[in-house]
Amino acid sequence: MEKSWKLQIKRYQIVIFSIILAISVLWCGGILVAPMWAGEPGLRGDVSEGIYGFFAKSCHQLDSRSHHLWEHKLGVCSRCTSIYFAFLLGVIIYPFFRKLSNIDLPSLWYLFIPVGLMLLDVALDLMDIQKNSFLTRDVTGAAIGVVLPFFIIPGTIRVFYEYFTPPDVIPKK
């Protein structure tokens, strides 16, 4: 019985990781499909407009602050692009750095430092002290994006572990 329970836990950890990876791939794919199909007639053009509309809910999508592909801006601005693609990279490399069975979160400093750098970049730009650039937006976005999976993956696995594990199986600290 104990052995099958461990296999079941392992299986759901892999499923959760796979779902996060699949969502990340689809999300980043949408960022690239939007400009690829922009201006196309029919269904492709409608899909592109829908993708831009979807991402507009969380990103300003300013043309001057966006990378371009196929002569159209990507689905999100440069900082968001860096966050999302670095997040995908973080998900891909996660199993090489941590086991899926490790549900302990890293120190919050790993998250606070990149967020602080991004806020500093934004503040310096807003106060006209130092204008941010594609480089600063890309670097600060990527720093946040690559760190986030190390919180989201174990946090999600922990929620499912604690919700679906019978109380007598959860180890006491």
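1. A residue is called buried here when its relative accessible area is under 20%, exposed when that area is over 50%, and partly exposed in between (1.4 Å probe, protein chains only). By that criterion, 35% of the 173 residues of the protein chain count as buried.

2. This is a predicted model, in which local features need pLDDT of at least 70 and side-chain atom pairs count only at pLDDT 80 or more, while totals for chains, interfaces and linings use all residues. Residues are numbered from 1 along each chain as its sequence is written, and side-chain values use heavy atoms, with hydrogens and water left out.

3. The protein chain has six helices and two strands, taken as DSSP runs numbered from the N terminus (helices H or I, at least four residues; strands E, at least two). In sequence order these elements give the pattern α-α-β-β-α-α-α-α.

4. The radius of gyration of the protein chain is 20 Å, whereas a compact globule of 173 residues would have a value near 16 Å; the radius is taken over C-alpha atoms, and the globule rule is 2.2 Å times the number of residues to the power 0.38. The C-alpha trace spans about 60 × 45 × 25 Å along its principal axes. Among contacts with a separation of 6 or more, 70% are between residues 24 or more positions apart, a contact meaning heavy atoms within 4.5 Å.

5. The structure holds six salt bridges, each defined as a side-chain nitrogen of Lys or Arg within 4 Å of a carboxyl oxygen of Asp or Glu. One of them pairs Asp125 with Arg65, with the closest N and O atoms 3.0 Å apart. Because Asp125 lies in helix 4 (residues 109-126) and Arg65 in the loop between helix 2 (43-56) and strand 1 (68-69), this pair ties together parts that are 60 residues apart in sequence. Asp125 is buried, at 8% relative accessible area, whereas Arg65 is partly exposed, at 23%.

6. A further salt bridge joins Asp104 and Arg158, whose closest N and O atoms are 3.9 Å apart. Asp104 belongs to the loop between helix 3 (78-97) and helix 4, and Arg158 to helix 6 (residues 149-164), so the pair links parts that are 54 residues apart in sequence. Both partners are partly exposed, Asp104 with a relative accessible area of 43% and Arg158 with one of 25%.

7. Asp125 also meets Lys131 in a salt bridge, at 3.7 Å from N to O. Through shared partners, salt bridges join Arg65, Asp125, Asp128 and Lys131 into one network.
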